[in-house]
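Morning, everyone. Please have a look at the screen.

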Amino acid sequence: MNVCDGDSNGKKNGKKFGVYFHVPFCRASRCAYCDFYSIAAGRSAVGSWLEAVAAECEQARQGRFGGSWTVSSIFFGGGTPSLLAPRDIAGLLEVVGRCWNIAGEAEITVECNPEDVDGRWAGGCRKAGVNRLSVGVQSFDRHYLAAIGRRHRPGKAARAITVARKAGFAKVSADLILGGPGSSEPLVLGSVERALELGVEHLSAYGYHLDPPASGYGRAGFGPVDDDAWSGQYLAVCALLRKRGWRHYEISNWANGDDAQCRHNLTYWERRPYLGLGPSAHSYGPGETRTANAADLERWLAAARSGDFSAVRTRETLDGDTVACEQVMLGLRLEDGVPLRLLERLHGAETAQKLDLLAGRSLLALRSERVCLTDGGFLLYDSIAGRLLPAG
Ligand code: SF4
């Protein structure tokens with residue numbers, strides 16, 4: 001990898017951006033609740049994807065991310081990125097390093113299925129330069145895992161975390177699913193406690209849902225347990241982690257200290273530039289431009305063969321209203337919320353009335369001239385964000 005010293009404010013090495021690889025493969029059966037794009041893995045398809053995604057990366061270097069850019073984070077998501085061999089991951093990191101400088105402190109994450117993590121795989125990833133693993137634990141309850149259709153046993157997830165530590169990963173995150181069939185507060189809290197015992201320093205907790213969320217912005221939707229049960233589980237997790245001194249830095253994410261926050265995902269929520277590579281991947285920037293690759297591996301591979309990825313990419317230049325909508329929608333997901341002056345610009349004299357109504361129901365608070373949702377406000381995120389959008 002072409003790693004540079006970097007600096008924390010980005011001046012020395014130019015502008016910074018994140019790189020996302022969408023690995024569109026899973027094992028034979030897909031999970032019913034999942035709304036990410038993936039297909040059943042086959043080694044020849046993985047080989048074609050590796051070649052094509054390297055080509056897409058190099059094209060971005062010649063195009064939109066040409067010039068003086070530094071990579072501040074790299075994220076392998078999916079799909080199931082742990083189906084990649086460490087040498088595949090190392091190869092792609094080499095490609096990124098040939099295209100741009102990678103900041104010395106860059107966060108490099110791979111999402112992994114517990115069943116794929118053994119000492120050899122974890123050690124190989126560490127050697128390749130990966131420094132953060134995100135483990136798809138979902139739950140430490142065997143019956144609940146079966147109810148939501150996950151094949152691994154709880155012991156596999158615990159072992160994956162332990163193996164990651166032994167391989168030298170200082171940053172390990174666990175994903176949990178709340179609100180699935182048969183879930184309860186004690187069951188969910190039991191999984192959080194177990195994750196804490198195992199020493200993870202980051203947790204993501206998503207709501208189980210079988211339909212895509214209407215807004216497309218959030219995954220913390222309502223599950224098949226009733227709304228009261230879901231709310232109880234979510235608030236119980238918030239309370240437990242707050243008691244342990246963790247930061248609830250985003251609607252579905254908690255970190256044990258500032259350094260443990262997922263820097264790559266903050267790039268999305270804070271509207272900083274990122275390059276998404278692979279079918280279904282999205283990109284933002286430079287400037288107010290968003291692009292989205294079609295969620296179709298065959299079409300994307302055909303585009304790679306033709307040397308023109310624009311054939312599978314939609315492009316949108318955001319106007320001022322859309323930018324304002326995104327600032328509200330994405331900002332409200334964060335602990336630090338949105339600047340009061342942004343809402344005043346959008347709602348003028350009506351701002352105080354709108355905010356007072358929500359503050360009176362303890363759904364938001366004003367902190368240092370920023371409007372921040374409370375835990376109860378996060379539960380009603382879609383409806384509150386809708387009220388605070390320009391036309392709300
Ligand atoms: S393994 Fe992950 S990405 Fe694949 S279908 Fe299940 S939840 Fe979705």
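I'll go from domains to core, then to one helix, and end with a few backbone details. Keep in mind that this is a predicted model.

Domains to begin with. The chain is split into domain 1, residues 3-269, and domain 2, residues 321-388. Their centres, taken over C-alpha atoms, are 28 Å apart. How many residues of domain 1 are in contact with domain 2? The count is 14, and they meet ten residues of domain 2. On the domain 1 side, helix 7 (227-243) and strand 10 (247-250) each supply at least two of the touching residues. By class, that side of domain 1 has eight nonpolar residues, four polar and two charged.

Now the core. The largest nonpolar core holds 106 residues. Which of its members touch the most others? They are Val71, Ile89, Val96, Val135, Ile161, Ala164 and Leu178. Strand 6, residues 101-112, gives the most to this core, with six residues. The core also draws on both domains: at least three residues come from each of domain 1 and domain 2.

Pick out Ile161 from that list. Skip its neighbours within four places in sequence. What is left in contact with Ile161 is Val135, Val172, Ala174, Leu198 and Val200. Val135, you'll recall, is also among the core members that touch the most others.

Next, helix 1, residues 43-62. Does the length fit, or what should we expect of 20 residues? At 1.5 Å a residue, helix 1 should span 28 Å, and its end C-alpha atoms are 29 Å apart, so the two agree.

Which residues of helix 1 are buried? Trp49, Ala52, Val53, Glu56, Cys57 and Ala60. They cover an arc of only 150° around the axis, so they sit on the same side of helix 1. Turn to the other side of helix 1, and Arg43, Ser44, Gly47 and Gln62 are exposed. What covers the buried residues? The cover includes strand 2 (15-23), helix 2 (86-99), strand 12 (274-277) and helix 9 (297-306).

On to proline 186. You'll find it in helix 6, residues 185-197. Buried or exposed? Proline 186 counts as exposed, because it has 10 C-beta neighbours inside 10 Å, and the cut-off for exposed is 12 or fewer. Proline 186 is 50 residues from alanine 236 in sequence, yet their C-alpha atoms are 9.2 Å apart in space.

Last stop, the backbone. Two peptide bonds to point out. The bond from glycine 78 to glycine 79 is cis, with omega near 15°. Glycine 79 is in the loop between strand 5 (69-78) and helix 2. The bond from glycine 285 to proline 286 is cis as well, with omega near -5°. Proline 286 is in the loop between strand 13 (282-284) and strand 14 (289-293).

Then two serines. Serine 280 is not a glycine, yet its phi is positive, about 75°. It lies in the loop between strand 12 and strand 13. Serine 362 has a positive phi too, near 60°. Its place is the loop between helix 12 (351-360) and strand 17 (364-367). Which is buried, and which is exposed? Serine 280 is buried, with 20 other C-beta atoms within 10 Å. Serine 362 is exposed, with 11.

That's the tour. Thanks.

Conventions:
Residues numbered from 1 in each chain as written. Predicted model: local features only at pLDDT ≥ 70, side-chain atom pairs only at ≥ 80, totals over all residues. Core = buried A, V, L, I, M, F, W, Y, C linked by C-beta atoms within 7 Å. Helix = DSSP H or I, 4+ residues; strand = E, 2+ residues; numbered from the N terminus. Domains from an automatic or database assignment. Contact = placed C-beta atoms within 7 Å. Expected span 1.5 Å × (residues − 1). Arc of directions from axis to C-beta. Nonpolar A, V, L, I, M, F, W, Y, C, P; charged D, E, K, R; others polar.
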